[in-house]
Amino acid sequence: MAWLVTKYLITAAVVVLISEVAKRSDKLGGLVAALPMVTFLALIWLYVEKQPAEKISNHAWYTFWYVVPTLPMFLAFPLLYDRIGFWPTMAACVGITIVCFAVFAMIVKHFGIELL
C-alpha cells in the first residue's frame with residue numbers, strides 16, 4: 001500500500017510541477033508538458049514492479065502510436081478557445097481526438113499496427 005501511495009504522490013507532483021511552471025512561462029510550461037514525464041514514470045513503475053521487458057517495451061511502442069492522433073487537438077485548442085470558450089473547446093478537442101484516433105487506427109492497420 002505504501003508503494004501505491006508513493007506512486008500517486010510522485011505522479012501527482014509531476015502534474016502540479018507542470019501547472020506551476022506553465023503559470024510562470026507559457027513556453028517553458030509547454031516544453032515541460034510536452035516531455036514524456038508521465039510515460040517515463042509509467043515505464044519506471046513497470047520496471048520497478050518487475051514487469052517483463054516485453055510488456056515495458058510494448059507500453060513505449062503503443063504510447064508512441066497513441067500520441068500521434070492527439071496532436072491535432074493542440075492545434076485546434078488555441079483556434080477555438082477565443083471563439084467558443086474553454087469548456088466547449090475542451091469538448092471539441094475530445095471529439096477531434098476521437099475522430100483523429102479512429103481515422104489514424106484505420107490507416108495504420110494497413111501497415112500491421114493494431115491500435116484497437
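1. Axes here are lines fitted to C-alpha atoms, for helices over the stretch in contact, and the angles run from 0 to 180 degrees between N-to-C directions. The model is a predicted one, and the points below should be read with that in mind.

2. With those conventions, helix α3 (residues 37-48) and helix α4 (residues 53-67) pack at an angle of about 165°, their axes lying 9 Å apart. Because angles over 145 degrees count as roughly antiparallel, α3 is roughly antiparallel to α4. The crossing by which α3 passes α4 is right-handed.

3. Which residues of α3 and α4 meet? From α3 they are T39, A42, L43, L46 and Y47, and from α4 they are I56, H59, A60 and T63. Sorted by class, this contact of α3 with α4 holds six nonpolar and three polar residues, with no charged residues.

4. By class, the contact of α1 with α2 comprises six nonpolar residues, one polar residue and two charged residues.

5. Helix α5 (residues 71-84) deserves a look of its own: across its 14 residues, the distance from first C-alpha to last is 20 Å, close to the 20 Å expected at 1.5 Å a residue. After α5 comes G85, which has a positive phi, near 90°.

6. How do the axes of α5 and helix α6 (residues 86-109) cross, and within what distance do they come? They cross at roughly 150° and come within 9 Å, an angle that makes α5 roughly antiparallel to α6. This crossing of α5 and α6 is right-handed.

7. In the contact of α5 with α6, the residues contributed by α5 are P72, M73, A76, F77, L80, Y81 and I84, which meet F86, P88, T89, M90, A92, C93, I96, T97 and C100 of α6. The residues of this contact divide into 14 nonpolar and two polar, with no charged residues.

Key:
Residues numbered from 1 in each chain as written. Predicted model: local features only at pLDDT ≥ 70, side-chain atom pairs only at ≥ 80, totals over all residues. Heavy atoms only, no water. Nonpolar A, V, L, I, M, F, W, Y, C, P; charged D, E, K, R; others polar. Helix = DSSP H or I, 4+ residues; strand = E, 2+ residues; numbered from the N terminus. Expected span 1.5 Å × (residues − 1). Parallel < 35°, antiparallel > 145°, perpendicular 65-115°, else oblique. Left-handed = near helix turned anticlockwise from the far one by under 90°. Contact = heavy atoms within 4.5 Å.
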